[in-house]
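Welcome, and thanks for taking a look at this one. Here is a short tour of a sheet, the helices lying across it and a few backbone details.

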Amino acid sequence: MRLVWILGDQLLPAHPLLPSPSPDLLVGMIESTPRGSHLRYHRQKLTLLYSAMRHYTSDLQKKKFRTLYHQLTDSPFGTDYSDVLAVWIQKHRIREIHLLEPNEYDTLHSLPALSKRLGTPIHTHPSPQFFVPRTEFASWAQGKKHLLMESHYRRLRTERNILLDPKGKPEGGDWNLDDQNRRTYREFAKAKPTVPPLPPPIQDPVVQAVARDVTRLFPGHPGQADRLWVPVTREGAVQWLRDFIRIKLAHFGPWEDTMVEGEPVLFHSVLSPLLNLGLLTPLECIEAAEKAYRGGKAPLNCVEGFIRQILGWREFIHGIYWLKMPGYRNLNFLKADRPLPRWAYNGETEMRCVSQAVHGAIDHAYNHHIQRLMVLGNYFLLGGYDPKEVLRWYSEMYIDAYDWVMVPNVLGMILF
C-alpha cells in the first residue's frame with residue numbers, strides 16, 4: 001500500500017501525485033496539535049488551515065480516493081505527525097510514503113529522520129506551487145554579486161510571455177508602473193472611491209466546528225477563531241479571485257500604497273492566504289488579471305502592479321528563502337536586541353497608525369503591505385527590536401504567514 005501524505009499548505013486543485021484513484025493508494029492528512037502550538041499562531045489562520053484541509057479531503061472522497069484523516073480531537077493515539085503515521089503504517093500495511101517537497105526548510109530536512117524512525121521510505125517530489133523551481137532560481141542566482149527582484153521579474157515575464165506586446169516588449173513600453181500607483185490619502189479623500197465592505201465571517205458547518213476546536217485547544221493564541229472571513233474551499237477561492245478581478249482590480253493600483261483609518265483591506269486582493277495554501281495557483285491569478293486588461297476591464301498600471309506582486313515579489317522571496325537557508329534565520333546584521341513592546345500583542349499605544357495596524361492584525365489576521373512594512377516594519381527596525389522576536393510576531397499574527405515568506409521578508413527586507 002502507498003500513502004500520499006498531503007501537507008496542509010499544499011491543497012492543490014490538480015495534485016500531481018493524485019492522477020486517479022487506485023486500489024493500492026491511500027491519501028492522508030494530519031491536523032497536528034503540537035505543530036499548531038509551535039508558535040502562537042493566530043486562531044483564524046489555524047481555522048482556515050484545518051477547515052481547508054477537511055474540505056479538501058471531502059472533495060477527494062467524492063472523487064473516490066481512499067482517504068485517512070486525523071483531526072485535532074481524534075484519539076486514542078497522539079497528534080504528532082510521527083505518531084499518526086506510525087499507526088497508519090501498521091494498520092494499513094503501508095510500504096512507502098510520497099509527498100510533495102515541503103515548503104518549509106525544517107520540515108523538508110526532518111524527513112530522513114522521520115523515515116528512519118518509521119522504518120518506511122519517504123519519497124519527495126517537486127511541487128508545482130511556484131513558477132520557478134528551487135534549482136532554477138539557484139542556477140539563475142549563481143555568480144551574481146547582487147540579486148535584484150526587478151531583473152528576476154523581467155526575465156520571468158519575457159520567458160513566460162506575460163503582459164508583453166506582439167514584439168515581445170513590455171505592454172505599454174515600461175516594465176514597472178509603480179510611479180502611477182502612489183496616490184495619497186488627500187487624493188483618496190477627494191476622490192471618495194467606493195470601498196467594498198469586509199466580508200462577514202464564514203458561515204460554514206466545517207468552519208464552525210474547527211473554530212470550536214481551535215478555541216478550546218489553543219486558548220493562548222491571538223484572535224477569534226469564529227471570525228474567519230476568507231474562503232476555505234477551492235470553489236470559494238475561485239469566486240474570491242473573480243470578485244477581486246471584477247470589483248477591485250481597476251482601483252487596486254492607485255490606492256495600493258494608501259492607508260485609510262477603519263479600512264483594513266481597501267482594494268487589496270487578500271489572495272495570499274489562498275495562494276499559500278495551494279487553493280489558487282499563481283498562473284490562474286496572473287491570467288485572470290491579464291485577461292481583464294486585454295478586455296478593457298482594468299488599466300495597465302493596476303494589472304502590472306498586481307502581476308508584479310505574484311510573479312515578481314512572491315517568486316523572488318521564495319527563491320531567496322531556499323537559497324539562503326538555514327543560516328538566513330539567524331541574521332542580525334544591526335545587532336538589535338530589544339524585546340518587543342507589550343502593545344505588539346494588544347495594540348494599546350497612542351501611536352495611531354501603529355495601533356490601527358496591530359488591531360487589524362488581531363481582529364482580521366491581516367494587514368496590507370504598507371501597514372506591515374512601512375508602519376510596523378519601520379518601527380521595529382528603528383526601535384532596534386530583536387529580529388527573532390520580530391520574526392516570531394509576524395509569523396504568529398498573519399493568516400498568510402509561512403516560514404518561506406516571513407524569513408526573507410522580515411529579516412532580509414524589514415529589518416535590513
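Strand E2 (residues 25-30) and E3 run parallel and are joined by four bridges. Helices (H or I, at least four residues) and strands (E, at least two) are DSSP runs, numbered from the N terminus, and two strands pair if DSSP finds at least two bridges between them. This is a predicted model, in which local features need pLDDT of at least 70 and side-chain atom pairs pLDDT 80 or more, while totals for chains, interfaces and linings use all residues. Residues are numbered from 1 along each chain as its sequence is written, and side-chain values use heavy atoms, leaving out hydrogens and water.

**The sheet**
- In E3, Thr67 stands opposite Val27.
- The five strands form an open sheet in the order E3-E2-E1-E4-E5, with parallel pairing.
- E3 and strand E5 (122-125) each have a single partner strand, so one side of each edge strand has no neighbour in the sheet.
- From one strand to the next, the twist averages 25° (axes are lines fitted to C-alpha atoms, for helices over the stretch in contact; angles run from 0 to 180 degrees between N-to-C directions).

**Helices across it**
- H2 lies across E2 and E3, at about 160° to E3 (contact means heavy atoms within 4.5 Å).
- Helix H3 (residues 81-92) lies across strand E1 (2-5), E2, E3 and strand E4 (96-100), at about 155° to E2.

**Backbone details**
- Lys64, in the loop between helix H2 (43-62) and strand E3 (67-70), has a positive phi of about 75° although it is not a glycine.
- Met325 and Pro326 are joined by a cis peptide bond, with omega about 5°.
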